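Hello,

Here is the structure I promised to pass on. Please have it open while you read, and my notes follow below.

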Amino acid sequence: MKSLVIIFRHAPFGTTSTREGLDFAMLSASFEQQVSLVFTNEAVLHLLAGQTPEQAGSKDYVSAFKALSLYDIDTVLVCAESMTTLGVHPNDFSIAATVATPEVITKTLQAADEVLVF
């Protein structure tokens, strides 16, 4: 079993990179790969509850985050520094996620077989 870490770095809406990364994560997990997700920079905003991507002309990929546990994707790390910069609190998230320091994220990346950035 390979371990993959997928990093999300882009803000919600305007690009399809997050949806593509999420699809890749779920596909990889369905082939029994160990998948972890890391949200950093403006990508932290993807996890906020109450989003309506349809109003921005996007498909509703936000609801797919709630299906991560069905794919055994249990490790979802959120960069603490990015949260501070954006003024986001863990209670604002629509899914369970772990707030992680950059050091913890670095260790997670070093332990992975592959790292992909979306």
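Helices (H or I, at least four residues) and strands (E, at least two) are DSSP runs, numbered from the N terminus. This is a predicted model, in which local features need pLDDT of at least 70, side-chain atom pairs count only at pLDDT 80 or more, and totals for chains, interfaces and linings use all residues. Residues are numbered from 1 along each chain as its sequence is written, and side-chain values use heavy atoms, leaving out hydrogens and water.

E3 has partners on two sides of the story. E2 runs parallel to E3 and is joined to E3 by four bridges (strands pair if DSSP finds at least two bridges between them); Ser36, for one, is bridged to Thr75. Strand E4 (residues 98–100) is also parallel to E3, through three bridges, with Val78 partnered by Val99.

Cys79 belongs to E3 and is buried, at a relative accessible area of 7%. Leaving out residues up to four places away in sequence, Cys79 touches Phe39, Thr40, Ala100 and Ile105, where contact means heavy atoms within 4.5 Å.

Best wishes

Definitions and conventions: Buried means under 20% relative accessible area, exposed over 50%, partly exposed in between (1.4 Å probe, protein chains only).
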